[in-house]
Amino acid sequence: MIKGKKILITGGTGFIGSHLSEMLVRQGNSVTCFDRYNINNNWGWLEDSELSKDINIILGDIRDFDSVHDATAGQDIIFHLAALIGIPYSYKSPLAYIRTNIEGTYNVLESAKLRQTEKIIITSTSETYGTAQTIPIDESHPLVGQSPYSASKASSDHLVFSYVRTFKIPAIVTNCSNNYGPKQHPEKLIPKLIYNILNNKELPIYGDGKNSREWIFVKDHCEALLKVYKNGKSGEFYNIGSNKNLNNIEISKKILNIAKSYLSPGRNVKIKFIKDRPGHDIRYALDSKKILKKIKWKSKTSFDKGIRQTFEWYLNNKKYYKQISKKDIVKRLGIK
């Protein structure tokens, strides 16, 4: 638990950021979200939240140093979540990912150095490890991002470590497995499948559907970030995972079975295999022993419980989809 702190969350109106913002406000902190609008933001949901009056939102671009530096003034802690995400989008605009994910992290680190910020938590991803050379992957695994997105995040991780070693700033990197939960943008697999089930559409699955991911409920991830702030050591990397791996076929079947307890899916609701995307890693599987041993954290939400809560949220909040362009919901992206 964190209480009585002034906290800046970059990317604070995004999927994970919005959950983290609300969690920190509930614990009695002054929270500022620094963000700019893109397809993954949940801006409207923060404004609709009962806690919206307690969250200060600054509209700004993480690529602009002056904006970032102004936002860090007076802040005790920075949670740096701002990033361009999504491997398929990075195929089309690699430079945007380089500028946002690398230069943006530089702006945060440099500002934190100048401000002498108490602590900086940098959120990264399991995708920086690429396809596992060992199963599961621990923090000593080389960073071998295989897409412009994952390579930019790996570069960001290296940059953080260099600032800790060179300038002694109190920064920590977390590498998390795939998140799911309420308010996630439907360009992602799970909310897309739920949308298609609710709208009598086919369920598009890349390749043979055997690509495997380790899935963690978003609120478990946020609680891990708070634990890392409290007990983590500067310059360290911590994997955040659930130890629950499922391939895309298994995910589809689980969601479909849950849906059947609430409604009768239409005749078009069935798995459809589509062309795989380039550089698609076969499996991500994290070894999270370090965070369990050093920080005493482990995930507590089973996938069956979390995915049911997630389905119920989308079922009861169908208006969420209406604020998003339909083409961003329906299409699964890749290079043709």
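Visitor: Let's start with asparagine 200: is this residue buried, exposed or partly exposed?

Guide: Asparagine 200 is partly exposed, because its relative accessible area is 30%, and that falls between the 20% cut-off for buried and the 50% cut-off for exposed. Keep in mind that we're reading a predicted model.

Visitor: Where does asparagine 200 sit, and what is its phi near?

Guide: First, the general idea: most residues other than glycine have a negative phi. Asparagine 200 has a positive one, near 55°. You'll find asparagine 200 in the loop that joins helix 7 to strand 8 (203-206).

Visitor: And what about glutamine 116: where is it, and what is its phi near?

Guide: Glutamine 116 lies in the loop between helix 5 and strand 5, and its phi is also positive, near 55°. Glutamine 116 counts as exposed because its relative accessible area is 71%.

Visitor: Now histidine 185: buried or exposed?

Guide: Histidine 185 has a relative accessible area of 2%, so it's buried. Its place is in the loop between strand 7 (178-180) and helix 7 (189-198). The side chain of histidine 185 reaches the backbone nitrogen of glutamate 187 at 3.0 Å.

Visitor: How far apart are histidine 185 and tyrosine 320 in sequence and in space?

Guide: In sequence, histidine 185 and tyrosine 320 are 135 residues apart. In space, the C-alpha to C-alpha distance between histidine 185 and tyrosine 320 is 9.3 Å.

Visitor: On to the sheet. How do I read its order, and which sense of pairing does it have?

Guide: Strands of a sheet pair through backbone hydrogen bonds, either parallel or antiparallel. Here, seven strands make an open sheet with parallel pairing, in the order 3-2-1-4-5-6-10. At the edges are strand 3 (55-59) and strand 10, each pairing on one side only. On average, neighbouring strands of this sheet are turned by 20° against each other, direction ignored.

Visitor: How many bridges join strand 1 and strand 2?

Guide: Five bridges, in the parallel sense. Leucine 8, for example, has threonine 32 in strand 2 as its bridge partner.

Visitor: How many residues does helix 8 have, and which of them are buried?

Guide: An α-helix has 3.6 residues a turn, so residues three or four places apart point the same way. Helix 8 has 14 residues and spans 20 Å from first to last C-alpha, close to the 20 Å expected. Its buried residues include Val218, His221, Cys222, Leu225 and Tyr229.

Visitor: Which residues touch the most other members of the largest nonpolar core?

Guide: In soluble globular proteins, nonpolar side chains tend to be buried together. The largest nonpolar core here has 31 residues, and those touching the most other members are Ile2, Ile9, Leu20, Leu24, Phe79, Ile240 and Ile291. Among the elements that each supply at least two residues are strand 1 (6-10), helix 1 (15-26) and helix 10 (289-295). Helix 8 gives the most, with seven residues. As for isoleucine 2, its contacts include Leu24, Phe79 and Leu226. There's also a second, separate core of 28 residues, with Leu246 and Trp313 among them.

Technical notes: Residues numbered from 1 in each chain as written. Predicted model: local features only at pLDDT ≥ 70, side-chain atom pairs only at ≥ 80, totals over all residues. Heavy atoms only, no water. Helix = DSSP H or I, 4+ residues; strand = E, 2+ residues; numbered from the N terminus. Buried < 20%, exposed > 50% of the residue type's maximum accessible area, 1.4 Å probe, protein only. Polar contact = N/O pair within 3.5 Å; in protein donor to acceptor, adjacent residues only side chain to side chain. Core = buried A, V, L, I, M, F, W, Y, C linked by side-chain atoms within 4.5 Å. Contact = heavy atoms within 4.5 Å. Pairing = 2+ DSSP bridges. Axes fitted to C-alpha atoms, helices over the stretch in contact; angles between N-to-C directions. Expected span 1.5 Å × (residues − 1).
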